[in-house]
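Subject: Structure handover

Hello,

I am handing over the structure below, followed by notes on what was found in it. Please read the notes with the structure open.

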Amino acid sequence: ARYVQQVGQNIAVQSGLATTPGAFTVTLLNSSVNNAFAVPGGYVYATRQLVTLMNNEAELAAVLGHEVGHVAARHSARRQAAAQRNQLGGVGLAILSQVLLGNSELGNTIAQSALQGSQMLTLSYSRNQELEADQLGIQYLQRAGYDPRAMAGLLTSLARQTQLDAQLQGRGDATIPAWASTHPDPASRVQNALQLAGNGTGVTNRETFLSRIDGLIYGDDPAQGVIEGNAFIHPELRLTFTAPQGFYMVNGTRAVSINGDAGRAQLTTAAYRGDLDSYVRAAFQALAGQQQQLAPAAIQRTTVNGLRAAYGTARVNNGQQQVDVTVFAYEFSPSQAFHFAAITPAGQAGTFNGMYNSLRRISAQEAAAVVPRRIDVITAARSDSVASLARRMAYPDAQEARFRVLNGLGANDPIIPGQQYKIVIRAN
């Protein structure tokens, strides 16, 4: 975290917005989402997952410089003004419909944080603003003595990681991650970055960078729960559930979302005072916000794997079609409850019944068995190959594809003996 702060503050000075590095606050976020963003006032953020995708310090400086560029060009102020002009009443229910079924830009922007469990609100910029931030970021790289081609290198890795994630999750849309959303298509953006960099050269500080991220948690932090295939396991909260086949999950600090063509849901928690019926009604109202009323037609009580549970469904018109909103809650203790909030097309609320019935407590032994994945930096021997190093990746599938994307290697790029590479291992 101190290293990311140092690199970010040094690149921020190149913008001319401040004369001392300390004028910017640069923070490394404990998140398994590939993202970076900045807000007015000199606050710049990057997630550890995005940092682990990088392969040198110049790429780190490129991302942070891009975000500083947004601040320098006052993009967020313009974006916020536009959002305020387009605000609608009853935004809470609008968010629910938009994030789960797709709708307006405003809803999609806000809901990345609200319902998909993300820990930050990412502002969405226009194509021209993103390209301008790329241009400014590359200028800052050059002024700082970094290789300006690093911007294109990271953009390439992001595009490849996005495609791999889509394949592993069984999705065909290959949605660009939050940091690269609303941009031109990845290929054109990479080419634009290469043209802006020209024949410029500079340092990359690859070995220094790799030494700093050696041992960093990769993927989910067990303190926030982990996704293993179709299962979500939270060792600290001592719970697990299984998502339906054909759905994929996205984990965040406060919630985990379950996404698919037939509906979407999230598991989260709220204040609980021992009354499940009241808890369910409060969860519905939280989805609707202060401007509207939302309540289930009835609340049913049941028991799931020894847990007291209650659930209800409401039929809602989201402006385009009828949808069913379901809240399914579980009591874990007199002061702790968890609930799924789900949305499906009308008449298909049963899509998630198997998931609701799969939630259960886990034993202390099951919790202790959850071990984080971490980055391990190794040096390739003469006898090593992509295949031999990929076999050391702590995944049961797509080992070579994961290894290539993690190390910025193309489909035919070989291993260079004596050079350092990243693998992902299981280690406490």
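Ser358 has its place in helix α12, which covers residues 353-358. Leaving aside residues up to four places away in sequence, Ser358 touches Thr240, Phe241, Thr242 and Asn305.

Please keep in mind that this is a predicted model.

Overall make-up

The protein has 428 residues, and 52% of them count as buried. Its secondary structure comes to 15 helices and 17 strands. Taking the contacts between residues at least 6 apart in sequence, 61% join residues that are at least 24 apart.

Ile217 and its surroundings

Ile217 is found in strand β4, residues 217-218. With a relative accessible area of 14%, Ile217 is buried. Not counting residues up to four places away in sequence, Ile217 touches Arg48, Thr52, Arg373 and Arg374. Ile217 can also be set against Arg426: the two are 209 residues apart in sequence, while their C-alpha atoms are 9.6 Å apart in space. Both Arg373 and Arg426 come up again below, in a network with Glu228.

Salt bridges

Side chains of opposite charge can pair when their charged atoms come close. How many salt bridges does the structure hold? The structure holds 10 salt bridges. Some of them are described here.

Arg308 and Glu331 meet through their side chains in a salt bridge, at 2.9 Å from N to O. Arg308 lies in strand β12 (residues 307-317) and Glu331 lies in strand β13 (residues 322-333), so the pair ties together parts that are 23 residues apart in sequence. Arg308 is partly exposed, at 43% relative accessibility, whereas Glu331 is buried, with a relative accessible area of 16%.

Asp397 and Arg402 form another salt bridge between their side chains, with an N to O distance of 2.9 Å. Asp397 counts as partly exposed at 35% relative accessibility, and Arg402 counts as buried at 17%.

Glu400 forms a salt bridge with Arg404, and their closest N and O atoms are 3.3 Å apart. Where do Glu400 and Arg404 lie? Both are in helix α15 (residues 399-406), 4 residues apart, which is about one turn of the helix. Glu400 is partly exposed, with a relative accessible area of 36%, while Arg404 is buried, with a relative accessible area of 13%.

Salt bridges also link Glu228, Arg373 and Arg426 in a network. Arg373 is one of the residues that Ile217 touches.

Helix contacts

Two pairs of helices were looked at.

The crossing of α1 and α3 is right-handed. Which residues meet there? From α1 there are Tyr3, Val4, Val7, Gly8, Ile11 and Ala12, and these meet Glu57, Leu60, Ala61, Leu64, Gly65 and Val68 in α3. The residues of this contact divide into 9 nonpolar, 2 polar and 1 charged.

The other pair is helix α7 (residues 127-144) with helix α8 (residues 150-168), with axes that come within 9 Å and cross at roughly 130°. That angle makes α7 oblique to α8. On the α7 side the contact is made by Asp134, Gly137, Ile138 and Leu141, and on the α8 side by Ala150, Met151 and Leu155. The residues of this contact divide into 5 nonpolar, 1 polar and 1 charged.

Points to look up in the viewer

- Ser358 in helix α12, with Asn305 among the residues that Ser358 touches.
- The salt bridge between Arg308 and Glu331.
- The network of Glu228, Arg373 and Arg426.
- The right-handed crossing of α1 and α3.

Regards

Methods: Residues are numbered from 1 along each chain as its sequence is written. This is a predicted model: local features need pLDDT of at least 70, side-chain atom pairs count only at pLDDT 80 or more; totals for chains, interfaces and linings use all residues. Side-chain values use heavy atoms; hydrogens and water are left out. A salt bridge is a side-chain nitrogen of Lys or Arg within 4 Å of a carboxyl oxygen of Asp or Glu. Buried means under 20% relative accessible area, exposed over 50%, partly exposed in between (1.4 Å probe, protein chains only). Axes are lines fitted to C-alpha atoms, for helices over the stretch in contact, and angles run from 0 to 180 degrees between N-to-C directions. Angles under 35 degrees count as roughly parallel, over 145 as roughly antiparallel, 65 to 115 as roughly perpendicular and the rest as oblique. Contact means heavy atoms within 4.5 Å. Ala, Val, Leu, Ile, Met, Phe, Trp, Tyr, Cys and Pro count as nonpolar, Asp, Glu, Lys and Arg as charged, and the others, Gly among them, as polar. A crossing is left-handed if the near helix is turned anticlockwise from the far one by less than a right angle, and right-handed if clockwise.
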